[in-house]
Amino acid sequence: TSCPSRRNLRKDPQFDKLIAQIYPDVDEEETQQMEMTKKIIEQHNDTAFVKSIEKGQSEQAIARRSRISRPRSVSLSPMDVMSTY
């Protein structure tokens, strides 16, 4: 790469002080930024969305099966209830 002016490469202590005041721990800031970026990527990931849908469908199927396999209570008709009194 070319550098049109060496002025761009010289040290700037005033700017360094400003950055140090804003970001006292640059490594920690970079770590937080990377974590946030990963979360955003995961939220917008199509495969994660598809997996979430598949998980929901499988949980619904399990719930449906458990509902069907339970013995249902015997329902009485109004005539059956009247005959018991």
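1. Buried means under 20% relative accessible area, exposed over 50%, and partly exposed in between, with a 1.4 Å probe and protein chains only. Of the 85 residues of this chain, 1% count as buried.

2. This is a predicted model, in which local features need pLDDT of at least 70 and side-chain atom pairs count only at pLDDT 80 or more, while totals for chains, interfaces and linings use all residues. Residues are numbered from 1 along each chain as its sequence is written, and side-chain values use heavy atoms, with hydrogens and water left out.

3. Confidence is given as pLDDT, the predictor's confidence in each residue, from 0 to 100. The chain has a mean pLDDT of 80, and 78% of its residues reach 70 or more. Among the elements, H1 has the highest mean (91) and helix H4 (residues 78–83) the lowest (59).

4. The chain has four helices and zero strands, in the order α-α-α-α from the N terminus. Helices (H or I, at least four residues) and strands (E, at least two) are DSSP runs, numbered from the N terminus.

5. A nonpolar patch on the surface consists of Phe-15, Leu-18, Ile-22, Tyr-23 and Val-26, with about 460 Å² of accessible area together. Its largest share, three residues, comes from helix H1 (residues 13–22). Val-26 lies in helix H2 and is partly exposed, at 40% relative accessible area. Patch residues have over 30% relative accessible area and no salt bridge, with nonpolar side chains (Val, Leu, Ile, Met, Phe, Trp, Tyr) joined within 5 Å and like charges within 9 Å. A salt bridge is a side-chain nitrogen of Lys or Arg within 4 Å of a carboxyl oxygen of Asp or Glu.

Notes:
Accessible areas come from the Shrake-Rupley method with a 1.4 Å probe; for residues, only the protein chains shown count as cover.
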